[in-house]
Amino acid sequence: MILYFKCQYCKIENRFKSDSATRVEFAMKNGKVKQLSCNSCHKTSTYHINQCYAKESKSLAIFSGLIFLLGSSVGVYIFIEMIIDLKTIFGIAVVASGLLIPIWIYTIIKKEDRRRVVTFNRSYLSPNSDK
């Protein structure tokens with residue numbers, strides 16, 4: 001997962017990778033504070049994990065969009081070919097339901113990415129406890 005933080009000096013948004021799903025998991029693996037340096041001004045500061053946040057992945061959105069577009073295009077082509085060959089309502093209904101597969105894949109990928117971001121961003125650590 002890519003996590004983001006804003007530099008305390010220049011207010012530019014920076015990012016770093018983490019394999020933690022929540023802030024609590026991050027704190028258990030790496031501690032509550034992390035030394036991070038800004039990519040713009042190159043100053044290093046200490047950030048509490050509550051100052052970091054997750055965003056929805058743009059590359060995952062592009063990937064799921066491509067699956068949707070390519071799957072729908074292939075599905076429509078197959079649908080048209082099957083309508084020409086099959087002349088029954090049942091056959092057409094089966095082929096038409098196959099058009100839902102790219103929509104389901106797109107929806108599942110987007111929903112899981114959104115759930116991942118919400119799970120990380122909704123959990124906070126108490127800044128006072130240093131245990």
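This is a short tour of a predicted model, going from the whole chain to a few selected side chains.

**The whole chain**

Start with the cartoon view of the protein chain. There are 4 helices and 5 strands. Followed from the N terminus, the elements come in the order β-β-α-β-β-β-α-α-α. The radius of gyration is 23 Å, well over the 14 Å that the globule rule gives for 131 residues, so the chain is more spread out than a compact globule. Turn the model along its principal axes: the C-alpha atoms fill a box of roughly 70 × 30 × 20 Å.

Of the 131 residues, 26% count as buried. Contacts can be viewed too: among those between residues at least 6 apart in sequence, 63% join residues at least 24 apart.

**The nonpolar core**

Hide the surface and select Leu3, Phe5, Phe16 and Ile49. Within the largest nonpolar core, which has 15 residues, these four touch the most other members. Strand β1, helix α1 (23-30) and helix α4 (100-122) each supply at least two residues of this core. In soluble globular proteins, nonpolar side chains tend to be buried together.

**The aromatic rings**

How many aromatic pairs are there? The count is 5. Phe5 belongs to strand β1 (residues 2-6) and Phe16 to strand β2 (residues 13-17); the two are 11 residues apart, and the pair links distant parts of the chain.

Are Phe5 and Phe16 buried or exposed? Both are buried.

Keep Phe16 in view and show what surrounds it. Leaving aside residues up to four places away in sequence, Phe16 touches Met1, Ile2, Leu3, Phe5, Phe26, Lys34, Leu36 and Cys52.

**Two charges over rings**

Next select Arg23 and Tyr124. The charged end of Arg23 sits over the ring of Tyr124, 4.3 Å from the ring centre. Then select Lys43 and Tyr9. Here the charged end of Lys43 sits over the Tyr9 ring, at 4.7 Å from its centre.

Methods: Residues are numbered from 1 along each chain as its sequence is written. This is a predicted model: local features need pLDDT of at least 70, side-chain atom pairs count only at pLDDT 80 or more; totals for chains, interfaces and linings use all residues. Side-chain values use heavy atoms; hydrogens and water are left out. Rings of Phe, Tyr and Trp (its six-membered ring) pair if their centres lie within 6.5 Å; planes under 30 degrees apart count as stacked, over 60 as edge-to-face and the rest as tilted. Buried means under 20% relative accessible area, exposed over 50%, partly exposed in between (1.4 Å probe, protein chains only). A charge sits over a ring if NZ of Lys or CZ of Arg is within 6 Å of the ring centre and within 35 degrees of the ring normal. A nonpolar core is a set of buried Ala, Val, Leu, Ile, Met, Phe, Trp, Tyr and Cys residues joined through side-chain atoms within 4.5 Å. Contact means heavy atoms within 4.5 Å. The radius of gyration is taken over C-alpha atoms; the globule rule is 2.2 Å times the number of residues to the power 0.38.
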